[in-house]
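Here are my notes on the model, point by point. Keep the structure open while you read.

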Amino acid sequence: MRAARLIKLVLLLQARPSMTGPELAQELEVSERTVARDVLSLSEAGVPVYADRGRSGGYRLIGGYRTRLTGLGRSEAEALFLSGVPSALREMGLADAASAARLKVSAALLPELRDAATGAAQRFHLDAPAWYQEPRTPALLPAVAGAVWDDRRITARYLRKDTEVERQLEPYGLVLKAGVWYLAARAQGDFRVYRVDRFTAVDVPDGGEDGGEDSAEGPTGGGRFIRDEAFDLPAFWAERAAQFARSLLREEVVVRLSAHGVRRLPHVTERAAAEEAIDAARSGDGPDAQGRLTVRLAVESAEVAYAQLLGLGPEGEVLHPPALRERFAAAARRTAALYA
């Protein structure tokens with residue numbers, strides 16, 4: 001345990017020019033006194049840790065002491081930081097292990113490659129595909145991905161319903177959702193989401209080298225755009241995905257649920273809508289004398305609600321609308337006749 005903490009302390013100091021005692025204590029989840037003892041132990045073991053005194057002081061490594069991964073290029077480093085799906089790692093309880101691994105790699109990289117982790121996180125976010133679905137790669141995805149990596153503007157033609165339109169886009173990031181690739185891009189000052197498989201043509205200006213004089217393409221030249229460093233791709237995607245899900249829920253049904261039906265509802269319908277309906281019902285009238293909870297559930301349509309709520313079986317009773325209730329009653333009669 002202590003050995004692992006000492007290694008992490010060295011890696012933290014390799015990754016940053018200097019860190020204060022409170023900063024190290026917070027990262028290592030120990031007291032500042034423990035940090036001081038650990039630094040003393042490292043010094044006695046020959047690790048050149050130097051302590052700067054005073055208000056702006058801290059701990060740092062001297063003498064160029066570090067371990068490096070030799071031969072690792074920028075593209076390899078960036079690809080390395082794309083090797084995990086953050087949400088899946090978090091749900092499996094591996095977030096801390098993944099964070100420690102990234103820290104070790106960051107500490108070992110050459111100084112000019114230290115921004116590889118940040119660059120990868122800003123440009124790509126993986127939302128794992130659903131089960132039993134084979135992701136289909138759009139033909140134009142490599143061109144779009146190249147523009148995302150290089151912060152280069154694109155001229156894209158894409159299908160919007162039955163019409164083909166053309167837009168100038170600043171491609172910020174790609175998201176893979178349930179086997180479908182989406183592009184988060186800025187167009188005319190606003191961030192929007194585009195399905196990559198609807199692109200019919202993508203033109204990426206050649207441009208030339210970075211730097212140079214200002215041009216019509218922007219101060220970086222070569223068709224490149226200046227990335228807004230405050231843009232957070234995972235947060236942007238989560239917000240837009242929630243908005244999209246809510247926009248689909250245009251109708252409402254009333255369902256009376258058993259205790260088991262309450263537990264099952266988020267698994268057969270849109271989870272956020274189900275949880276909101278259950279919370280609202282519990283804070284309202286609450287369960288009846290038989291322990292059943294009546295919820296008002298937002299759904300996409302009566303047809304979709306029928307297909308979803310059938311999964312509740314006898315644990316859910318549709319009360320409204322009347323036409324949907326009668327449809328469930330007819331289905332129950334047919335099912336009873338099968339088992340008579």
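1. Is Ala 305 buried or exposed? Ala 305 counts as buried, because its relative accessibility is 0%, and the cut-off for buried is under 20%. Bear in mind that this is a predicted model. Ala 305 sits in helix α12, which covers residues 302–309.

2. What does Ala 305 touch, leaving aside residues up to four places away in sequence? Its partners are Val 253, Val 299, Leu 324 and Phe 328. Take Leu 324 as one of them. Leu 324 is 19 residues from Ala 305 along the chain, and their C-alpha atoms are 8.7 Å apart.

3. Now the wider setting. In soluble globular proteins, nonpolar side chains tend to be buried together. The largest nonpolar core of this model holds 23 residues. Those with the most contacts inside this core are Val 253, Leu 257, Leu 265, Val 295, Leu 297, Leu 309 and Leu 324. Six elements each supply at least two residues of this core: β9 (251–257), α10 (259–268), α11 (271–283), β10 (293–299), α12 and α13 (322–338). The top contributor is α11, which gives five residues.

4. Look at Leu 297, one of the core residues with the most contacts. Leaving out residues up to four places away in sequence, Leu 297 touches Glu 251, Glu 252, Val 253, Leu 265, Thr 269, Ala 273, Ala 274, Ala 277 and Leu 309. A separate core also exists, with 21 residues. Leu 141, Val 148, Ile 154 and Tyr 194 are among them.

5. Next, helix α13. It has 17 residues. From first C-alpha to last, α13 reaches 25 Å, close to the 24 Å expected at 1.5 Å a residue. Its residues Leu 324, Phe 328 and Ala 331 are buried. Viewed down the axis of α13, the buried residues fall within an arc of 60 degrees, so they line one face of the helix.

6. Check both sides of α13. The cover over its buried residues includes β9, α12 and β11 (316–320). The face turned away from the buried side carries the exposed residues Pro 322, Ala 323, Arg 333 and Ala 337.

7. Compare helix α8, residues 141–150. Which of its residues are buried? They are Leu 141, Val 144, Ala 145, Ala 147 and Val 148. Down the axis of α8, these buried residues fall within an arc of 160 degrees, so they line one face of the helix. Just after α8 comes Asp 151, with a positive phi of about 55 degrees.

8. On to charges. How many salt bridges does a search of the whole structure find? The search finds 17. In one of them, the side chains of Glu 170 and Arg 186 meet, at 2.8 Å from N to O. This pair links distant parts of the chain: Glu 170 lies in strand β5 (residues 163–177) and Arg 186 in strand β6 (residues 180–187), 16 residues apart. Glu 170 counts as buried, because its relative accessibility is 15%.

9. Two further pairs deserve a look. Arg 292 forms a salt bridge with Asp 288, with the closest N and O atoms 3.2 Å apart. Arg 292 is partly exposed, at 30% relative accessible area. Asp 288 is partly exposed too, at 27%. Arg 325 forms a salt bridge with Glu 317, with the closest N and O atoms 2.9 Å apart. Arg 325 counts as partly exposed at 36% relative accessibility, and Glu 317 is partly exposed at 25%. Elsewhere, Asp 150, Arg 152 and Arg 224 are linked in a network of salt bridges.

10. Finally, the whole chain. It contains 13 helices and eleven strands. Of its 340 residues, 35% are buried. Take the contacts between residues at least 6 apart in sequence: 63% join residues at least 24 apart. The accessible surface of the chain is about 20,500 Å², and 52% of that belongs to carbon and sulfur atoms.

Note on methods: Residues numbered from 1 in each chain as written. Predicted model: local features only at pLDDT ≥ 70, side-chain atom pairs only at ≥ 80, totals over all residues. Heavy atoms only, no water. Helix = DSSP H or I, 4+ residues; strand = E, 2+ residues; numbered from the N terminus. Buried < 20%, exposed > 50% of the residue type's maximum accessible area, 1.4 Å probe, protein only. Contact = heavy atoms within 4.5 Å. Core = buried A, V, L, I, M, F, W, Y, C linked by side-chain atoms within 4.5 Å. Salt bridge = Lys/Arg side-chain N within 4 Å of Asp/Glu carboxyl O. Arc of directions from axis to C-beta. Expected span 1.5 Å × (residues − 1). Areas by Shrake-Rupley, 256 points an atom, 1.4 Å probe, with all protein chains shown as cover.
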